[in-house]
Amino acid sequence: MPDSPLERPNPYLLDRVMSLADEAEVYANEDIYTESGMKLLAQGHKLTRALQEKLALHKLQRPLVQTLGVQGGVTREAISLLAQTLIEEQPMLEPICERGGMHALAESLKFVPLDQVSLLMLTLAHRSAGEAMRHAVLVTMVALGVARRLASPAADLPVIAAAGLLHDIGELYVDPNVLEGGHVVSPDEWRSLALHPMIGQRLIRDTTTLGEQMARMVAEHHERFDGSGYPRGLSGPSISRAGQLLAVAEMTVGLLHKALEAPIRLDLALKVISSGHSSEITGVLREVLANEPTLQGIPLYTVPNVLAALNRFIMSMEAIQAALSQAEVDADNINSRELVTDAEARFYAVQRAFLRTGMGSVPVYEITSALFGAESDDLIEAMGIVEELNWRLRDLARFVSLRTGLLLPTERNGLDTLLRALADPLHHGS
Ligand SMILES: [Fe+2]
Ligand SMILES: [Fe+2]
């Protein structure tokens, strides 16, 4: 039997299974055996806490999620119903998905091709993280809406829907504390988090009947057309078109979420931060949002909003630059020096972009007086620029965290200050 980590339950997955078993009836839908042939649980019997330790210690003959069933788990009907609710809550969904077509799309989720194992995994994700299911359904709806606008073949829509629902399923393997908002992610934690697309791919490929195309889409949902994504840094056509679509849907949902927290003009925000994605796909969204009359009612930025954001950005840049100079001195081996050099190249690219905007080359008090006389469209544009620059700093933060996670602990000398300086953009950009 091939040695696969899927055979010994991942500790976080096992914790989630046990928590589910505390509140719902989780039972063996077949006899569960250890690799050496010891029967742990007979078919039809309920899973209890008493088995947790044994399950953690032994490799199993089959992945745990394939051997369990649950009473009252997530169903396709429940997913479809949640989609209908989200249409009411998220006014942006309708224009993205064509007026009137939304409800039919939500209805179609009743027939999404999920098998028993994938529904169990969705149940686990849903129960263990409050927002996980809403996020998955939102991403699915946006992906379906954009796919229809791109005239994707009808046969692709069910695959896109299933991949959208399962795209973050690899997070079942991640420490829930790391997933929680407000947690500052350490390099090792970031590395485990950054691998969730690949874990999702393996879970789908090895435990479900959903097929390779869907697994690949899940693996690609944080990749970017320009190569700046993760975990593999794929670029251009090496990312499947369906994977690109899912990545754009993921980004758009991030924006929708932000739009609820603070007023932003989605059309402009999308324009400035979509640079990493395929313009064919983001173009569809930009067109929709730019022509959307309901966006006109969204409150605009004020001068203090823009100035505060600009000041925060400038302070981050100064802290990062100082930390990079310090890291240059402190890095004492070839790997960390290479990391610092690569980080500097990325940092200077952000700095050049800032200077090109004109805002980086004049003193802040001049910008302040310019902004006080500005039209609201100028404020939107200025905020759009700051947002884009912040996104780039967040990419830099992820890059450094990911690369540091790959170094041996003894090779990380001098990188602490840099990671602390970068923690802020990483924290705010999740
Ligand atoms: Fe994700
Ligand atoms: Fe996601």
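**Group meeting: a walk through some helices**

Let's start with helix α8, residues 132–149: its 18 residues reach 26 Å from first C-alpha to last, close to the 26 Å expected at 1.5 Å a residue. Before I go on, a reminder that this is a predicted model. Along α8 there is a run of buried residues, and I'll read them out: Ala136, Val137, Leu138, Val139, Thr140, Met141, Val142, Ala143, Leu144, Gly145, Val146 and Ala147.

Now, what follows α8? The helix is followed by Ala151, with a positive phi near 55°. Ala151 is not a glycine, and still its phi is positive, about 55°. You'll find Ala151 in the loop between α8 and α9. Is Ala151 buried or exposed? Ala151 counts as exposed, because it has 7 C-beta neighbours inside 10 Å, and the cut-off for exposed is 12 or fewer.

While we are on the backbone, here is one for the omega column. The peptide bond from Tyr230 to Pro231 is cis, with omega near 0°. Pro231 is found in the loop between α13 and α14, the latter being residues 241–261.

On to helix α12, residues 196–207. This one has 12 residues and reaches 16 Å from its first C-alpha to its last, close to the 16 Å expected at 1.5 Å a residue. Its buried residues are His196, Pro197, Ile199, Gly200, Gln201, Leu203, Ile204 and Thr207. What covers them? The cover includes α3, α7 (116–128), α9 (157–166), α11 (187–194) and α13 (212–219).

Let me pick α13 out of that list. Two packed helices are described by the angle between their axes and the distance between the axes. For α12 and α13, the axes come within 7 Å and cross at roughly 165°. The cut-off for roughly antiparallel is over 145 degrees, so α12 and α13 are roughly antiparallel to each other. Their crossing is right-handed. On the α12 side, the contact has Pro197, Met198, Gly200, Gln201, Ile204 and Arg205; on the α13 side, Glu212, Met214, Ala215, Arg216, Val218 and Ala219. Sorted by class, that contact of α12 with α13 has 7 nonpolar, 2 polar and 3 charged residues.

Leu64 has 20 C-beta neighbours inside 10 Å, so Leu64 counts as buried. Leaving out residues up to four places away in sequence, Leu64 touches Pro9, Val17 and Leu55. If you want a distance to check on screen, the C-alpha atoms of Leu64 and Val117 are separated by 9.8 Å, and the two residues are 53 apart along the chain.

One more helix pair before I sit down: α17, residues 303–330, and α18, residues 334–356. Their axes come within 11 Å and cross at roughly 155°, so α17 and α18 are roughly antiparallel to each other. Here α17 passes α18 in a left-handed crossing. From α17, the contact is made by Met317, Ile320, Gln321, Leu324, Ala327 and Glu328, and from α18 by Val340, Ala343, Glu344, Phe347 and Gln351. By class, the contact of α17 with α18 has 7 nonpolar, 2 polar and 2 charged residues.

Note on methods
Residues are numbered from 1 along each chain as its sequence is written. Chains are lettered from A and ligands numbered from 1 in the order in which they are written. This is a predicted model: local features need pLDDT of at least 70, side-chain atom pairs count only at pLDDT 80 or more; totals for chains, interfaces and linings use all residues. Two residues are in contact if their C-beta atoms, placed from the backbone, lie within 7 Å. Axes are lines fitted to C-alpha atoms, for helices over the stretch in contact, and angles run from 0 to 180 degrees between N-to-C directions. Helices (H or I, at least four residues) and strands (E, at least two) are DSSP runs, numbered from the N terminus. Angles under 35 degrees count as roughly parallel, over 145 as roughly antiparallel, 65 to 115 as roughly perpendicular and the rest as oblique. A crossing is left-handed if the near helix is turned anticlockwise from the far one by less than a right angle, and right-handed if clockwise. Ala, Val, Leu, Ile, Met, Phe, Trp, Tyr, Cys and Pro count as nonpolar, Asp, Glu, Lys and Arg as charged, and the others, Gly among them, as polar. The expected span of a helix is 1.5 Å times one less than its number of residues.
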